[in-house]
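This report describes selected features of one protein model. The sequence and structure are shown first.

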Amino acid sequence: MFRLTNINGRSAFQFDDGFVDVATTAGDESLADPMVAIARFGELASLYAKAAGSTKSAGTPGVCVPKPSKVFGIGLNYKSHAAESNMELPPAPLTFTKFPSCLVGPTADVELSGDTVDWEVEIVVVIGKGGRHIAESAAWSHIAGLTLGQDISDRKVQTAGKPPQFSLGKSFDTFGPIGPAIVSVDAFPDRDDIGLWCDVSGERMQDSRTSNLIFTIPYLVSYLSSICTLEPGDVIFTGTPDGVGMARGRLLKAGDVIDSGAEVIGALRNVCVAGK
Ligand code: ZN
């Protein structure tokens, strides 16, 4: 197994007591680029084991996938969230893009674009091996690992069009905190049943498991690859469970703290600040 993140723009392994530089461990400077390390994810488990014995450094993780070619978002992928949104279950994955410039690290501030900004905790897939027409049965072997994300959404902008197009309302700068690390699939006791939750300023808002997904992670990889060639580092936000602010009549305001968590992966902490 491995936990891969980004410290000061360089690939780094995450341990409980600090970080170890990947390229230094490997004696291969090309692995310093996190996107290269993701594409070479098959080499990382043995390097992670080697790095375990090295002296750890302190650091603050940045974006664990700094330059993906594509960032997919999946809407209404938990029945409970579709119900609270008064939306019918989609017959196929309801797919939009979060433009890659919205991604930020696990402790970055979220800059509010207005007074209709909402939280959405999600498990995030990071593709390691690209391909087209990937079979559902082969999908997990194309995944470098999983991380945690917040699909921050400006509800007013998201639903402004007729019909609405979600992508821009979910792509304001800072609307995609991810991290703290990409965790290899073999680290999960059950890769199809991962608990995730979200607290806003101390109140538990979302609490579910990926076993409740309508379209499973292998299905999403297979479906998206039937349309687009997937490339190493491509990112899929897999959808959010119920408990978003829109359904509660309580949206984000400056000073709110969004604490997101997932089993095995870890936590995000993002403070909301007024946008410029
Ligand atoms: Zn979402």
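The sections below treat the metal site, the salt bridges, an open sheet and a surface patch.

## Basis of the description

The model is predicted: local features need pLDDT of at least 70, side-chain atom pairs count only at pLDDT 80 or more, and totals for chains, interfaces and linings use all residues. Residues are numbered from 1 along each chain as its sequence is written, and side-chain values use heavy atoms, with hydrogens and water left out.

## Zinc site

Glu120 (OE), Glu122 (OE) and Asp151 (OD) are the protein donors of the zinc ion, at 1.9 to 2.1 Å from it. Donors are N, O and S atoms within 2.8 Å of the metal (3.2 Å for Na, K and Ca); water is not among the atoms, so sites may look incomplete. Along the chain the donors have the spacing E-x1-E-x28-D. Glutamate 120 lies in the loop between β8 (117-118) and β9 (121-127), and aspartate 151, 31 residues apart from it, in the loop between β10 (143-150) and β11 (153-154). Strands (E, at least two residues) and helices (H or I, at least four) are DSSP runs, numbered from the N terminus.

Both glutamate 120 and aspartate 151 are buried. Buried means under 20% relative accessible area, exposed over 50%, and partly exposed in between (1.4 Å probe, protein chains only).

## Salt bridges

The model has 19 salt bridges, each defined as a side-chain nitrogen of Lys or Arg within 4 Å of a carboxyl oxygen of Asp or Glu. One of them joins aspartate 118 to arginine 155, with the closest N and O atoms 2.9 Å apart. Aspartate 118 belongs to strand β8 and arginine 155 to helix α5 (residues 155-158), 37 residues apart. Aspartate 118 is buried at 0% relative accessibility, and arginine 155 is buried at 7%. Salt bridges with shared partners connect Lys98, Asp118, Glu120, Asp151, Arg155 and Lys170 in one network.

Lysine 70 also forms a salt bridge, with glutamate 231 (closest N and O atoms 3.2 Å apart). These two residues are 161 residues apart. Lysine 70 counts as buried at 17%, whereas glutamate 231 is partly exposed at 36%.

## Open sheet

An open sheet of 5 strands has the order β7-β17-β16-β13-β14 with mixed pairing; two strands pair if DSSP finds at least two bridges between them. β7 (110-112) and β14 (203-209) are at the edges, each with a single partner strand, so one side of each lacks a neighbour in the sheet. Strands β16 (residues 257-262) and β17 (residues 266-274) run antiparallel and are joined by 6 bridges. Valine 257 is opposite valine 271 in β17.

## Surface patch

Phe99, Val157, Leu168 and Phe172 make a nonpolar surface patch of about 340 Å². Patches consist of residues with over 30% relative accessible area and no salt bridge, with like charges joined within 9 Å and nonpolar side chains (Val, Leu, Ile, Met, Phe, Trp, Tyr) within 5 Å. Phenylalanine 99 is partly exposed at 38%.

Methods
Accessible areas come from the Shrake-Rupley method with a 1.4 Å probe; for residues, only the protein chains shown count as cover.
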